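User: I would like to go through the pockets of this model and the terms used for them. Please start with the terms.

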Amino acid sequence: METYGQDPTRHRQSHDQLTGTDLFPETDRYQMLEKPLQGGMGLVFKALDQRLDRTVAIKRIRPEFAQDNQLISRFQREATTMAKFRHPHLVQIYELDSDAIGPFIIMDWIEGSNLASVLKEQGALQTDLAIQ
């Protein structure tokens, strides 16, 4: 499996010049396994937790939104709220942390398609499937 390293000079770059791999949290604990998936306001990295030998997702706000206190507050609230729940259909939150770029959440990595992709491919879901 290919892994992606970190650029040691990345914090000398402006946030506008950073690529997805440059936004991977600065830590020896996690190793990036794939390039990040990008959403409208954030990125999700597939990573290996080298201490616990498990695959995790690392979610972070894009740097251009890192100064938006309202968004950061909502991001942190998402993590603390989700961490209170235990259910087989919800991801488990392991950690909320931050580095020089901004906050990030460590959570379960779930293989498969995201809801937006499923809806685009299949259209509206049947009720019994949607509540699963």
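Analyst: The model is predicted. Strands here are DSSP runs of E with at least two residues, and helices are runs of H or I with at least four.

User: Which elements each supply at least two residues of the lining of the second largest pocket?

Analyst: Strand S2 (37–38), strand S3 (42–49), S4 and H1 do. H1 gives the most, with 4 residues.

User: What makes a residue part of that lining, and which residues lie nearest the centre?

Analyst: A lining residue has an atom within 4 Å of a pocket point. The second largest pocket has 15 such residues, and Met 41, Gly 42, Lys 59, Phe 75 and Glu 78 lie nearest its centre. The space in this pocket is about 280 Å³.

User: What is the volume of the largest pocket, and which residues are closest to its centre?

Analyst: Its volume is about 1,100 Å³. Of its 28 lining residues, Val 91, Ile 110, Ser 113, Asn 114 and Leu 115 are the closest to the centre. Elements giving two or more residues to this lining include strand S6 (103–108), helix H2 (115–122) and helix H3 (127–130). H2 gives the most, with 3 residues.

User: How is the lining of the largest pocket divided by class?

Analyst: This lining has 18 nonpolar, 6 polar and 4 charged residues.

Technical notes. Residues are numbered from 1 along each chain as its sequence is written. This is a predicted model: local features need pLDDT of at least 70, side-chain atom pairs count only at pLDDT 80 or more; totals for chains, interfaces and linings use all residues. Side-chain values use heavy atoms; hydrogens and water are left out. On a 1 Å grid over the protein atoms alone, a cavity is a set of points where a 1.4 Å probe fits but cannot get out, and a pocket is an open set with protein on both sides within 12 Å along at least five of seven lines; lining residues have an atom within 4 Å of a point. Grid points are joined across faces, edges and corners, and a volume is the space filled by probe spheres set on the points. Ala, Val, Leu, Ile, Met, Phe, Trp, Tyr, Cys and Pro count as nonpolar, Asp, Glu, Lys and Arg as charged, and the others, Gly among them, as polar.
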